[in-house]
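Me: Got a model open here and want to go through it with you. Can we start with a helix and work outwards?

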Amino acid sequence: MCCIFAAAAIIQAVGLMAERSIFTGWDKRCTALWGNEPVFIGHNLHVSPLFSREGLAALIENYPRERYNIFHMGAKSGDGWFWRQGDISGMTGEEVIEAVSKGRLWLNLRNVNLVDPRYGKLLDDLLGELSGYMPGFLTRRRGSGILISSPNAQVYYHVDLPGQLLFQISGRKRVYFYPAHPPFITHEHLERTAVTGLGVDIPFAPWYDEYARIQDFEPGQMVHWPHFAPHRVENHDCLNVSMTVDFSTEPILRAQIVNYANGILRCGFGVNPRSRSISGLSFWAKALLQKTLRDTAWMKKKKAAHAQIEFRLDRAVPGGIVNLATPAAEGDRVMAHAEG
Ligand SMILES: [Fe+2]
């Protein structure tokens, strides 16, 4: 009888663990590939009330202005497109989602883990679960965001400096991951990205696709890709909702310091930095350099140039977009180089 109760307790505990798991289908192969190749696994966030349409509408309605960006993907100009930044003040959350579902818009609710503690707990839980699968996986910085984007919208070829996870919640898209080495990404690209805060102004050629891992991405899937692997995304003809997680481990933090310091040396002082070491005297000298110069007027100007608001959503006008009177100068807009 005692054995029966013990077995029942174990079954119940396993059931509870399974119930609380966010990821599904993790196996040794995921651990072996993690950080070296794109890893696709299952998750259950797409059935969570946190990501229902009503839940997202309520979240949007109270979202702090300084924590979101909404971009409109503009007309082609030269060899790329301009993204214009906008504002959603005065719209209900449902109206914003409706506008995104009909437009060429891309809404990024940044730092949702800080805005709403329910998403903060979710972030802690999912990273904790990953640490359970990979005991050496320890993050020093972490954040999450929610992306709501229009049918057929694209995120152009770019690179992210932190480590990244992407969870598909609703809608379908095609993701393209490219090798994390030249010519797909170079040290100069990473340094420029660190200095400007933008990752989309790196060159892309259509033949790069021959070297890409290309996969359709559906609700219930998560992907993690190698650090510094450039990538791009094409939405299928439907509204898309995704959650992003950015994280930094100790080596990732150190690589960020090196990129930033080398970018300052190259862009600010015309020096061609030779070392990319994340330890030793050269690393610590660069850590001091980037800490000293990080908040200077020159560095702030480099990042602030891309923050101008050029439109607002308005339910009362045809097309739902009102252009503001002071468009940003072309050189100050976010520009994505892409073909097509
Ligand atoms: Fe990205």
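Me: What should α6 span at 1.5 Å a residue, and how far apart are its end C-alpha atoms?
Reply: The 17 residues of α6 should span 24 Å, and its end C-alpha atoms are 24 Å apart, so the two agree. The expected span is 1.5 Å times one less than the number of residues. This is a predicted model: local features need pLDDT of at least 70, side-chain atom pairs count only at pLDDT 80 or more, and totals for chains, interfaces and linings use all residues. Residues are numbered from 1 along each chain as its sequence is written. Helices (H or I, at least four residues) and strands (E, at least two) are DSSP runs, numbered from the N terminus.

Me: Which residues of α6 are buried?
Reply: Tyr119, Leu122, Leu123, Leu126 and Leu130. Buried means 20 or more other C-beta atoms within 10 Å of the residue's own; exposed means 12 or fewer; partly exposed is in between; C-beta atoms are placed from the backbone.

Me: Why are they on the same side of α6?
Reply: Because they cover an arc of only 100° around the axis. The arc is that of the directions from the helix axis to the C-beta atoms. In general, an α-helix has 3.6 residues a turn, so residues three or four places apart point the same way.

Me: And what is exposed on the other side of α6?
Reply: Pro117, Lys121, Asp124 and Gly128.

Me: What covers the buried residues of α6?
Reply: The cover includes α5 (112-115), β6 and β13. A contact means two C-beta atoms, placed from the backbone, within 7 Å.

Me: Which residues of α4 are buried?
Reply: In α4 (residues 93-102), Val96, Ile97, Ala99 and Val100 are. They are on the same side of α4, because their arc around the axis is only 160°. Their cover includes α3 (53-61), β5 (105-109), β6 (141-149) and β14 (309-313).

Me: Strands next. How many residues of β8 are buried?
Reply: Six of the eight in β8 (residues 163-170), so the strand is mostly covered.

Me: What does β8 pair with?
Reply: β8 pairs with β13 (residues 240-248) in the antiparallel sense, over seven bridges. Gly163 stands opposite Phe247 there. β8 also pairs with β11 (residues 221-224), antiparallel over three bridges. In that pairing, Phe167 stands opposite Met222. Pairing needs at least two DSSP bridges between the strands.

Me: Which residues other than glycine have a positive phi?
Reply: Asn111 is one, with phi about 50°. Asn111 sits in the loop between β5 and α5. It counts as partly exposed, because it has 17 C-beta neighbours inside 10 Å. Asn152 is another, with phi near 65°. Its loop runs between β6 and β7 (154-158).

Me: How confident is the predictor?
Reply: The protein averages a pLDDT of 83, and 75% of the residues score at least 70. pLDDT is the predictor's confidence in each residue, from 0 to 100. Where pLDDT is low, the predicted coordinates should not be read in detail.
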